[in-house]
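The structure comes first, and the notes follow.

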Amino acid sequence: MALLEVKQHSLFFHGDERTFNILDRVSFHVEKGEILGIVGESGCGKSMLAGSIMGLYPANVARKEGSILYEGKDLLAMSAKQRERYRGEHVSMIFQNPNTSLNPVITIGKQMIDIISEHKRMSKKDAKNLAIKWLGEVGLAQAEDIFASYPHQLSGGMKQRVVIAMALSCDAELIVADEPTTALDVTTQFQILRLIKRLQKEYRVSIVIVTHNIGVAGYLCDRIMVMYAGQVIEVGPTEQILRNPVHSYTKGLLKCLPGQGKNIDELYTIPGTVPSPLDFPSGCRYSSRCQLAQPHCKEHAPQLEQLVVGIYTACFYPEKECEA
Ligand SMILES: Nc1ncnc2c1ncn2[C@@H]1O[C@H](COP(=O)(O)OP(=O)(O)OP(=O)(O)O)[C@@H](O)[C@H]1O
Ligand SMILES: [Mg+2]
């Protein structure tokens with residue numbers, strides 16, 4: 001059984017006058033010990049999906065359809081209390097800005113002891129030792145000094161390491177990371193990615209990482225899921241997605257990656273923009289930007305289907321070659 005299985009999940013937000021469809025029949029799974037990357041341009045619904053997996057949207061703000069099964073139990077059918085327990089015991093979220101997860105007026109050490117005590121029955125002294133062990137484990141030298149620091153005394157990269165240490169100290173089985181390195185400089189970004197990769201190997205934790213950068217996903221992930229306008233349009237093993245992408249949107253994203261020696265003027269961008277949930281087209285949502293689109297694509301919506309084992313795509317013409 002997969003650790004997480006999302007089936008035909010749709011999310012609707014209640015606006016003032018109407019309801020917006022944010023996610024449309026999203027289906028995928030995460031195996032135990034696997035890193036899944038969710039990629040797509042800004043506004044594709046990646047963060048909303050991450051929030052859904054965390055069980056963050058109560059019924060008064062959103063309508064949810066389908067199922068989100070964690071170890072076979074449907075998150076969408078749980079009571080608020082059960083969802084809270086799921087968040088406390090099994091999953092942990094890492095945000096783009098580490099300050100979202102850290103309280104500025106409490107020392108790192110006290111925050112860690114508080115969170116560890118919520119999850120484990122142990123003495124304060126043991127909780128302190130465990131916190132310091134994890135601060136060291138995520139590559140923070142002088143863990144004792146970090147333990148006594150306030151968040152503002154640390155750099156962005158150090159704070160993101162602290163947040164990772166917090167998630168692991170509570171034995172999270174699934175970590176959902178939404179753009180965890182986007183706010184960091186390139187060198188620090190790479191160090192944090194390397195850290196995530198090492199920790200995942202050592203502790204067999206499952207990770208869902210949201211990133212708009214398909215290159216980051218390529219480095220880190222076992223499989224990549226590409227989203228467009230609230231839908232999944234391609235899923236497959238990382239090697240396959242990078243070397244032999246099927247959907248023309250995935251090909252476009254790969255072409256956008258900066259190569260060595262390219263200057264800004266030479267960078268490719270996919271013409272057009274992601275449609276908004278206010279006016280999703282009725283056919284294929286990518287058709288207005290797709291080089292391969294046929295009249296058929298504008299009228300009918302392709303469903304996500306298995307092309308070969310492990311590779312899924314939502315496209316009527318997946319075999320066609322195109323420039324982008
Ligand atoms: N509270 C809300 N009510 C209505 N629509 C919303 C709300 N929050 C987000 N949206 C819309 O949902 C869509 C998906 O947003 P989301 O934040 O998930 O995108 P994203 O893929 O994470 O983008 P980015 O890469 O910029 O973070 C967007 O079109 C956004 O405008
Ligand atoms: Mg986002």
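The side chain of threonine 238 reaches the backbone nitrogen of arginine 223 at 3.4 Å. It also reaches the backbone oxygen of cysteine 221, at 2.6 Å. Both are polar contacts (a pair of N or O atoms within 3.5 Å; within protein, one must be able to donate a hydrogen and the other to accept it, and residues adjacent in sequence count only if both atoms are side-chain atoms).

The model is predicted: local features need pLDDT of at least 70, side-chain atom pairs count only at pLDDT 80 or more, and totals for chains, interfaces and linings use all residues. Residues are numbered from 1 along each chain as its sequence is written, chains are lettered from A and ligands numbered from 1 in the order in which they are written, and side-chain values use heavy atoms, with hydrogens and water left out.

**Threonine 238**

Threonine 238 sits in helix α9 (residues 238-243). Helices here are DSSP runs of H or I with at least four residues, strands are runs of E with at least two, and both are numbered from the N terminus. The relative accessible area of threonine 238 is 7%, so the residue is buried. Buried means under 20% relative accessible area, exposed over 50%, and partly exposed in between (1.4 Å probe, protein chains only). Beyond its neighbours within four places in sequence, threonine 238 is in contact with Ala217, Gly218, Cys221, Asp222, Arg223 and Ile224. Contact means heavy atoms within 4.5 Å.

**The ligand site**

Which residues surround ligand 1? They are Phe13, Ile22, Glu41, Ser42, Gly43, Cys44, Gly45, Lys46, Ser47, Met48, Glu179 and Pro277. A residue is near a molecule if one of its heavy atoms lies within 4 Å of it. The shell divides into 5 nonpolar, 4 polar and 3 charged residues. In this division Ala, Val, Leu, Ile, Met, Phe, Trp, Tyr, Cys and Pro count as nonpolar, Asp, Glu, Lys and Arg as charged, and the others, Gly among them, as polar.

| Residue | Protein atom | Distance |
|---|---|---|
| Serine 42 | side-chain N or O | 2.4 Å |
| Glycine 43 | polar backbone atom | 2.8 Å |
| Lysine 46 | polar side-chain atom | 2.8 Å |

Taken alone, ligand 1 exposes 640 Å², and the protein buries 62% of that. Accessible areas come from the Shrake-Rupley method with a 1.4 Å probe; for residues, only the protein chains shown count as cover.

Helix α1 (residues 46-53) gives the most to the shell, with 3 residues. This helix is largely enclosed by the rest of the structure, because 6 of its 8 residues are buried. The buried ones are Lys46, Leu49, Ala50, Gly51, Ser52 and Ile53. Glycine 55 follows α1 and has a positive phi, near 70 degrees.

Most residues other than glycine have a negative phi. Glutamate 179, part of the ligand shell, has a positive phi near 50 degrees. Glutamate 179 lies in the loop between β7 (174-178) and α7 (186-203). Its relative accessibility is 9%, so it counts as buried.

Glutamate 71 also has a positive phi, of about 45 degrees. Its loop runs between β4 (62-70) and β5 (73-74). At 33% relative accessibility, glutamate 71 is partly exposed.

**The nonpolar core**

The largest nonpolar core holds 94 residues. Such a core is a set of buried Ala, Val, Leu, Ile, Met, Phe, Trp, Tyr and Cys residues joined through side-chain atoms within 4.5 Å. Leu4, Phe28, Leu135 and Met225 touch the most other members. Helix α6 (residues 156-169) supplies the largest share of this core, 7 residues. Not counting residues up to four places away in sequence, leucine 135 touches Ile108, Met112, Leu140, Ala143, Ile146, Phe147, Val162 and Ala165.

Histidine 14 is in strand β1 (residues 4-14). Its relative accessible area is 39%, so it is partly exposed. Leaving aside neighbours within four places in sequence, its contacts are Thr19, Ala59, Asn60, Val61, Ala62 and Arg63.

Glutamine 294 occupies the loop between α10 (248-255) and α11 (295-299). It counts as partly exposed, at 28% relative accessibility. Its side chain reaches the backbone oxygen of leucine 292 at 3.0 Å.
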